[in-house]
Amino acid sequence: MKKRVLVTEQFPSSIIQFLEQEVEVEYWGKPDQMPRELLLKKAVNIHGLITGKDQIDQALIEASPKLEVVSNVSVGYDNFDVEAIKNAKLLATHTPYVLDETVADLIFGLIMATSRRITELDQYVKQGKWKFSLDKTLFGTDVHHKKLGIIGMGRIGEKVARRARLGFEMEVAYFNRHRKQNVEKDLNIRYEEMDALLESSDFILLLTPLTKETYHLIGADCFHKMKKTAFFINAGRGPVVDEKALVEALRQNEIAGAGLDVFEQEPTDPNNPLLQMKNVVTLPHTASATMETRNQMKWFAAKNMLQGLKGEKPDALIKELQ
Ligand code: DGY
C-alpha cells in the first residue's frame with residue numbers, strides 16, 4: 001500500500017503528479033492556511049506532511065501516529081518544535097541553497113527602496129505631485145561606499161555581502177555566533193561585535209533565524225545605539241525584533257527608516273503603525289517569492305519527502321535534527 005502525504009502548501013500540478021507516482025497525496029490547494037483543527041484531523045492517517053507554516057508540535061505529533069517525515073517548503077523552520085520532533089524521531093527537512101540568490105536580490109531591493117525612497121516617490125509620481133524639480137526634502141541617501149552591517153552571516157548573508165562589496169563597493173561587517181574567516185578573506189569583510197556594528201553601520205541587516213535565544217534580540221537598547229541616519233532591514237524573522245521598540249525608534253527619529261519583509265505577527269495587523277510610516281517599506285514575507293525559486297523550493301521539498309519515506313537520507317535533513 002502506498003504511503004499517504006498531506007500537502008498544505010500550494011503546489012503546481014506537475015509536482016503533485018510527481019509525488020503521486022510514489023505516494024497517495026492529499027492536497028489542500030487553497031491560498032489560506034489549513035485550519036488547525038482540520039490539520040489535526042487529517043494528520044491521523046498520514047506518513048508525510050509537506051508544509052510551510054503549520055506548527056509541527058507535540059499536539060500534531062500525537063495526532064499523527066504514522067507520521068515519519070515533515071518537509072518544510074522554506075529554509076527557516078521556526079514552525080517546527082525541535083524537541084518534540086527529535087523525541088518523536090521524525091525526519092525533518094527544509095529547502096536551503098536554492099533561495100539564497102533570490103533572497104539576497106530582494107534584500108538589496110529593500111536597501112535601495114528605503115534609502116532612495118523608491119516606494120514613497122512612486123506614490124508621489126502616481127498621485128500627480130510631480131510638478132517641476134524635486135524638492136530636497138524628498139532626496140534620498142546614497143548606498144554605494146556606505147557601511148553594511150549584517151547580523152547573522154549564513155549563506156544568504158554571504159550573497160548579500162558579495163553584492164554589497166562587488167556591486168556597491170560598500171564596507172561590510174558582520175556579527176555571527178561563529179566567525180567565518182574564509183568568507184572574511186574571500187569578500188574582504190570583517191567581523192565586529194554587535195555593539196560596534198550597530199553603532200557604526202549605515203545599513204543594518206538582520207538575518208538571524210528565530211530561536212528561543214534570538215527572540216527579541218533587537219530591542220530598544222539596540223535602536224538607541226544605531227546612527228540616526230541608519231536604515232534597519234529585517235529579512236530574517238519578525239519576532240527577532242521587538243516591533244514596539246522599532247515603532248518607537250522610528251517615531252523618535254532614532255533611525256532613518258526600515259525595510260521589513262517580516263513581522264512579529266504574519267500577516268501583520270492592518271492597524272500596525274509601521275504601515276503608516278513613509279520611511280518604512282513593507283513587504284509580505286516575499287524574499288524567496290519568485291516563480292523560479294518557489295518552484296525549486298517545492299521540488300526540493302517533494303524530493304526530500306520521497307527520499308525520507310523510502311528510507312533514504314533526504315538531501316536536506318535539518319542539521320539540528322539529524
Ligand atoms: C524561508 O525559506 O525561510 C523564507 O523566509 C521563505 O521566504
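Predicted model: local features only at pLDDT ≥ 70, side-chain atom pairs only at ≥ 80, totals over all residues.
Reader: Which residues in domain 1 lose the most area to domain 2?

Author: The area buried between domain 1 and domain 2 is about 730 Å². Carbon and sulfur atoms give 52% of that area. On the domain 1 side, three residues together account for 65% of what is buried there. They are D78, Y97 and T293.

Reader: How many residues does the contact take from domain 2?

Author: The C-alpha centres of domain 1 and domain 2 lie 31 Å apart. Domain 1 puts nine residues into the contact. By class, that side has four nonpolar, four polar and one charged residues. From domain 2, the contact takes six residues.

Reader: What distance separates a polar side-chain atom of R237 from an oxygen atom of the ligand?

Author: R237 is one of the residues around the ligand. From a polar side-chain atom of R237 to a ligand oxygen atom, the distance is 2.7 Å.

Reader: How much of the ligand's accessible area does the protein cover?

Author: A polar side-chain atom of S74 lies 3.1 Å from an oxygen atom of the ligand. For H285, the corresponding distance is 2.8 Å. On its own, the ligand has 230 Å² of accessible area. The protein covers 89%.

Technical notes: Residues numbered from 1 in each chain as written. Heavy atoms only, no water. Domains from an automatic or database assignment. Contact = heavy atoms within 4.5 Å. Buried area = accessible area lost by both parts, 1.4 Å probe. Nonpolar A, V, L, I, M, F, W, Y, C, P; charged D, E, K, R; others polar. Near = heavy atom within 4 Å. Polar contact = N/O pair within 3.5 Å; in protein donor to acceptor, adjacent residues only side chain to side chain. Areas by Shrake-Rupley, 256 points an atom, 1.4 Å probe, with all protein chains shown as cover.
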